[in-house]
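Subject: Structure handover

Hello,

Here is the structure you asked about. My notes follow below it.

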Amino acid sequence: MATNSKIPGSVCDHKATGRKIARRNYKDADGLNKTFTAYADNEIEAWSKLKEFNVELLKGAPKSKEATGMTVGKLINQLEETVWTFKLRASTKRMYASFTKHHLDSIKDIKLNKLTVQDIELVINKPKTIRINCKGQSIRPMCARSKSRLRAFLVATLNHAVRLGYIDSNPAIRSQVHEKIPARQIKALSIEQIQKLFKEAGTMKTAYKLQATTGLRVGELLGLKWSDLKDDVLTITRQIQRSNGALVEQPLKTDLSRRKVALVPEIISELNKLDQKGEFIFCTESLRPIDPRNYNRSLEVDSAKAGIGKVTSHQLRHSFASIALQSGTELITVSRALGHSQLAVTCIYAETSEKQIREASDAVGSKLFA
């Protein structure tokens, strides 16, 4: 039996015919053990056929009969059972289920190897304009940002199809949202506005202060436990989210969301005044974690009392980032504090004042016209 260290497989003599035979064991797209066999007149030709097979195998071929008949709907059912159940957060699974239920009717029965960019763009850009929810209320057409999320869902789904060998390339990658996606407009609070909020705040004052000085996501804030606090450092390891009607502890949004944040002395003093009977730092009278929706309602009420308009928890997070950046903190440091996986996300929070722009111009001018 001849071997070639650069080509997986083997070549040997076929005694019955006197020809050469090339073989390689492999797993097909369904995970079944298969054997590739090819006959040749000489050893060079046999190795050549084996090499060609390996090239095709790396592309995702050969495909099983099931793979060539795989439809978009069957793929989604498979991913729900084998990938999404174990990998995705509850909120992401709900979003994927909604997309599948309401927007994929036109492509569910299309075979993956017949799916085109045009099919996908029809789904993305012409979703159902009006539909009725379970309460009998009409739902508005999808906005550009939701269409972008739908496209991202299809890209991720069909990437799995490529990985599993059902198709050689992902047509969703070449698709486009035929509508301009507006830039995110999140207004940061000024230092004076935040101070007014603290002055008028009720029982959640310490939570507001902690979020404003650390930039934690609301789920991360409400998931904090006393065991996470050591001296003046908090370790962020979980978040509280609502799933299937119940409040549950969930993993963090990304791996980089796991981080340590330092607390200023004023926050340590505030925390020391809290009752530490429960497991969670911020909890209800029954020692259960606080619902993020109730936290946001409390923030709306207290910000109205302070006369600064309707404030959201995300605005406090945004305000931390803006004040830190305007104070000269490096972007990478703010990004790490926020638990962002990409600097581009942090740039959304980077509001630049007229004073900072003037200072930049003066700095360049002093060099050019010195």
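Start with helix 6. Its buried residues are Ala 144, Lys 147, Leu 150, Phe 153, Leu 154, Val 155, Thr 157, Leu 158, His 160 and Ala 161. Bear in mind that this is a predicted model. The cover over those buried residues includes helix 3 (72-87), helix 4 (90-103) and helix 5 (117-125). Helix 6 has 20 residues. From first C-alpha to last it reaches 29 Å, close to the 28 Å expected at 1.5 Å a residue. Gly 165 follows helix 6 and has a positive phi, near 85 degrees.

Next, the loop beyond that helix. Asn 170 lies between helix 6 (144-163) and helix 7 (191-200). Asn 170 counts as buried because its relative accessibility is 5%, and the cut-off for buried is under 20%. Its side chain reaches the backbone nitrogen of Ala 172 at 2.9 Å. Leaving aside residues up to four places away in sequence, Asn 170 touches Val 155, Leu 158, Asn 159 and Val 162. Two of these, Val 155 and Leu 158, are also on the buried list for helix 6.

The largest pocket has a volume of about 1,900 Å³. It is lined by 44 residues, and the closest to its centre are Arg 89, Ser 91, Thr 92, Arg 217 and Lys 253. The elements that give two or more residues to this lining are helix 4, helix 6, helix 9 (218-222), strand 8 (239-243), helix 11 (292-305), helix 12 (313-326) and helix 14 (343-346). Which element gives the largest share of the lining? That is helix 6, with six residues. By class, the lining of the largest pocket has 16 nonpolar, 16 polar and twelve charged residues.

The second largest pocket has a volume of about 310 Å³. Its lining has 16 residues, with Thr 203, Leu 274, Ile 281, Phe 282 and Cys 283 nearest the centre. Eight of the lining residues are nonpolar, five polar and three charged.

Gln 211 is another one to look at. It is found in helix 8 (residues 205-214). Gln 211 is buried because its relative accessible area is 1%. Not counting residues up to four places away in sequence, Gln 211 touches Leu 216, Arg 217, Val 218, Leu 221, Tyr 295, Ser 313, Leu 316 and Phe 320. Among them, Arg 217 is also one of the residues closest to the centre of the largest pocket.

Two backbone angles deserve a look. Asp 231 is not a glycine, yet its phi is positive, about 60 degrees. Asp 231 is in the loop between strand 6 (229-230) and strand 7 (233-236). With a relative accessible area of 67%, Asp 231 is exposed. Leu 287 is not a glycine either, and it has a positive phi of about 70 degrees. Leu 287 sits in the loop between helix 10 (265-272) and helix 11. At 41% relative accessibility, Leu 287 counts as partly exposed.

Last, the whole chain. It has 15 helices and ten strands. Of its 370 residues, 41% are buried. Among contacts between residues at least 6 apart in sequence, 61% join residues at least 24 apart.

Best wishes

Notes: Residues are numbered from 1 along each chain as its sequence is written. This is a predicted model: local features need pLDDT of at least 70, side-chain atom pairs count only at pLDDT 80 or more; totals for chains, interfaces and linings use all residues. Side-chain values use heavy atoms; hydrogens and water are left out. Helices (H or I, at least four residues) and strands (E, at least two) are DSSP runs, numbered from the N terminus. Buried means under 20% relative accessible area, exposed over 50%, partly exposed in between (1.4 Å probe, protein chains only). A polar contact is a pair of N or O atoms within 3.5 Å; within protein, one must be able to donate a hydrogen and the other to accept it, and residues adjacent in sequence count only if both atoms are side-chain atoms. Contact means heavy atoms within 4.5 Å. The expected span of a helix is 1.5 Å times one less than its number of residues. On a 1 Å grid over the protein atoms alone, a cavity is a set of points where a 1.4 Å probe fits but cannot get out, and a pocket is an open set with protein on both sides within 12 Å along at least five of seven lines; lining residues have an atom within 4 Å of a point. Grid points are joined across faces, edges and corners, and a volume is the space filled by probe spheres set on the points. Ala, Val, Leu, Ile, Met, Phe, Trp, Tyr, Cys and Pro count as nonpolar, Asp, Glu, Lys and Arg as charged, and the others, Gly among them, as polar.
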